[in-house]
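Dear colleague,

Please find below the structure that I am handing over to you. My findings follow it.

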Amino acid sequence: GGFYRSDMASDSDTGAALIIFYSTELEKTLDKITLSGGIIKKDIFDFPGGRRFHFCCPSGNEFAVWSDK
């Protein structure tokens, strides 16, 4: 057995919903993601309500992580 890998990926640029995780330590979370094979799509930036960054997992799906600190 194994997992089915789709040729499609979830990306907010193409209209997909963006799943956003919360972290109290944004920089440490970014480092862990890159060490685990994630690719940073948008580096840490300010937005109303806090700061966030976007990344793609090894399968190409986009996610974001935000912090209010």
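**Aromatic residues**

Phe55 is buried, with a relative accessibility of 9% (buried means under 20% relative accessible area, exposed over 50% and partly exposed in between, with a 1.4 Å probe and protein chains only). This is a predicted model, in which local features need pLDDT of at least 70 and side-chain atom pairs count only at pLDDT 80 or more, while totals for chains, interfaces and linings use all residues. Residues are numbered from 1 along each chain as its sequence is written, and side-chain values use heavy atoms, with hydrogens and water left out.

The whole structure contains four aromatic pairs. Rings of Phe, Tyr and Trp (its six-membered ring) pair if their centres lie within 6.5 Å; planes under 30 degrees apart count as stacked, over 60 as edge-to-face and the rest as tilted. One of the pairs is that of Phe21 and Phe63, which is tilted, at 5.8 Å centre to centre and with 45° between the planes. Phe21 belongs to strand E1 (residues 19–22) and Phe63 to strand E4 (residues 62–67), so this pair ties together parts that are 42 residues apart in sequence. Helices (H or I, at least four residues) and strands (E, at least two) are DSSP runs, numbered from the N terminus. Phe21 is partly exposed, at 41% relative accessibility. The rings of Phe55 and Phe63 also make a tilted pair, because their centres are 5.8 Å apart and their planes stand at 35°. Phe21, Phe53, Phe55 and Phe63 together form one aromatic cluster.

**Sheet and helix**

Four strands make an open sheet in the order E1-E4-E3-E2, with mixed pairing (two strands pair if DSSP finds at least two bridges between them). E1 and strand E2 (39–47) are the edge strands, each with a single partner, so one side of each has no neighbour in the sheet. On average, neighbouring strands are turned by 25° against each other, direction ignored. Axes are lines fitted to C-alpha atoms, for helices over the stretch in contact, and angles run from 0 to 180 degrees between N-to-C directions.

E2 pairs with strand E3 (residues 50–56) in the antiparallel sense, over six bridges. Ile39 has Cys56 as its bridge partner in E3, and Phe45 stands opposite Arg52. The hairpin of E2 and E3 has two residues between the strands, and Gly49 takes a positive phi near 110° there. Helix H1 (residues 26–35) lies across E2, E3 and E4 and runs at about 5° to E3.

**Ser67 and the cysteines**

Ser67, in strand E4, is buried at a relative accessible area of 1%. Its C-alpha atom is 5.7 Å from that of Gly50, 17 residues away along the chain. Not counting residues up to four places away in sequence, Ser67 touches Tyr22, Ser23, Thr24, Leu26, Gly49, Gly50 and Arg51 (contact means heavy atoms within 4.5 Å).

Yours sincerely
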